[in-house]
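This briefing covers the charged and aromatic side-chain contacts of one protein model. Please read it alongside the sequence and the structure shown below.

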Amino acid sequence: MLTQTDHNKINELSREINELSNQKKYKEALNVALNLQDKYPKYVHVYDSIAYIYNQLQEKNKAKECIKEQIKVLEELVKKPEEAGYQHNTNLSSLARAYERLEQYEKANTVLDEYLKLATSESEQFSIKSRLASNYVKLEKIDKAAELYKDLVEDSPIAHGHYAMTNILKSSMDKAEILELHEKMVSAFKAEIKKFPANAANKQALQSYLYDIAHFYKEEDLINDYIESVAKYSNLAEFDSNLSFRVKSIADTFGMPDKALEALSKFEEANPDNPLMLKTKTELIEKLSPEEAAKQREELANKFADTILNQIKNDKYDELKEIQLYQIENMAPDVVADYLNYMLDKSPDSIRNLRFGVTHKDKYPVEKILKAYDYVLKNDKNAAYIRKDKANFLSVIGRYEDAAKEYVKSIESEAEYYLYSNIIHNYRKAENEEMVKKYSEKYIKILTELIDKNEDNEEYLRSLATLYSDLGDDENYVSVYKQVVERNPTKYYYFSSLATSYERLEKFDEALAVYQDFIDQNEVDGQVKDDVKEGLAWIYSYKANLHTQRGDYDLAIKAVERANELCHKDVFDAQLSKLSRLANK
């Protein structure tokens, strides 16, 4: 049994691990975690910390081994529930979670079934049923998952119904049964709203749910239910970003800009000078017919810009909080510039929350923005993300050398290996080939090491292949990308990319073989079949060009005829006509 002193020591070391991890000092955090594991091997939560740190260090194999060790400890602990006492349920949950992390879903569900028998609170039972259902989906046992989600709707439509119904819509349940549950959901929500009319959360939850089911089935009565709910269950006097999304979804998701504008009009009288209202209306007008949009566009755009400018002049900056600056910069760049100047003069720390585009960067206080970034970096050691923002900003304003240097400084661990691509990109834009070469070699070395020490290495393979492609090294690109294709035998995109690489190398027979491999390994039909035929046709066309260069006109003609058989195109007809003339000279 652990003493109070032991618990205090565990808490102290756990805090230290968290602090070091938050500072991205993963190797130091790992040493503390391994020390804690050594002293208290039955403290199961330390294994989660160690696995997390290994993942951050891109040591995924070691992370998996750590979870396997955790499972061994937990399997022994759950055999002795009387010793664990109240901790037994937590141990069952942790064991199931460990199995899930290793994708051993059958074992996880066996443990969760046992856990469900012991759970007493509704929230605990909901969590277990949700996990069981999610695991059944991954095991492709959709019927079992659907039954569990159905139970969640029946048991508690308000608390858990939206989550459960969202998953049921993707299940194999009969549509009539789903719509029966839908009626129960809506009735329960409406009863709750009538009982507690001041509770805005229930009204928003009902709107979200009605959107989901309308989006899934796209039936007129369901869409109309959603449209009606937007005005009926909203505060007409408070038009915010959430309402803006709901109104725009009527146009974007259901293709009804007229209905969206009609819904918007219900809020307009109470919000005449709300910038977000004006912005939303501007966006919706653009979705109308060109003639109708033209009538309303200019007048509304001017009103939008004037409204924002007046608010700035009257120091009503708080009323702009719902507006992202980049969304209005094309309409009112001078207004955005005024706003940036005001906020940065007021406090350089405000740069943390300002999000602006750079289409009109010539109007913006560039040096003031950069000084604000430096101010935050100097005064907050935990604001490393700001350095990436600064690097991005330097890149988009064309200061590529400076951007690359900031990206170099911002790399804090192997988990951010992807930033090397940003460094290389910016040095290439700066035409600094020496630094492109230096960091490309470094990035290749890092990715190669990550590939070697991780079984689950497809992400790194794709990054390495992309790097070789950017460097114009098709030979190495093909070598690496073949491994990506092997891991994705059903994904046409990967085969097509590999074939294209062989084309660039003028290895047309190898390109044809790639498509043939895809055909051999998959049932090819529909659009994919057409795409494969077109890909093959173009290879035969390129192969014909090679034969033409060598003067082998008969072979070239046969290749183009084969291309036309696969996918008839005018360009192939023209190519064939030209070849016939050359052959007859």
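Arginine 352 and aspartate 380 form a salt bridge with closest N and O atoms 2.8 Å apart; the term denotes a side-chain nitrogen of Lys or Arg within 4 Å of a carboxyl oxygen of Asp or Glu. The model is predicted, and local features need pLDDT of at least 70, side-chain atom pairs count only at pLDDT 80 or more, while totals for chains, interfaces and linings use all residues. Residues are numbered from 1 along each chain as its sequence is written, and side-chain values use heavy atoms, with hydrogens and water left out.

**Setting of the arginine 352 pair**

- Arginine 352 belongs to the loop between α18 and α19, and aspartate 380 to the loop between α19 and α20 (384-396), so that the pair links distant parts of the chain, 28 residues apart; helices are DSSP runs (H or I, at least four residues), numbered from the N terminus.
- Arginine 352 counts as buried because its relative accessibility is 19%, whereas aspartate 380, at 21%, counts as partly exposed (buried means under 20% relative accessible area, exposed over 50%, partly exposed in between, with a 1.4 Å probe and protein chains only).

**Other salt bridges**

- A search of the whole structure finds 34 salt bridges.
- Lysine 368 pairs with aspartate 345, the closest N and O atoms being 3.0 Å apart.
- This pair ties together helix α19 (residues 366-379), which holds lysine 368, and helix α18 (residues 333-346), which holds aspartate 345, the two parts being 23 residues apart in sequence.
- Lysine 368 is partly exposed at 29% relative accessibility, and aspartate 345 is exposed at 54%.
- Glutamate 154 forms a salt bridge with lysine 184, with closest N and O atoms 3.2 Å apart.
- Glutamate 154 lies in helix α9 (residues 142-155) and lysine 184 in helix α11 (residues 175-195), 30 residues apart.
- Glutamate 154 is partly exposed at 38% relative accessible area, and lysine 184 is partly exposed at 38%.
- A network of salt bridges links Asp374, Arg387, Lys390, Glu406 and Lys409.

**Aromatic contacts**

- The structure holds 22 aromatic pairs, in which rings of Phe, Tyr and Trp (its six-membered ring) have centres within 6.5 Å; planes under 30 degrees apart count as stacked, over 60 as edge-to-face and the rest as tilted.
- Tyr211, Tyr226, Phe245 and Phe254 are joined into a cluster by ring pairs.

**Charges over rings**

- Lysine 175 lies over the face of tyrosine 217, at 4.7 Å from the ring centre; the criterion is NZ of Lys or CZ of Arg within 6 Å of the ring centre and within 35 degrees of the ring normal.
- Arginine 504 lies over the face of tyrosine 477, at 6.0 Å from the ring centre.
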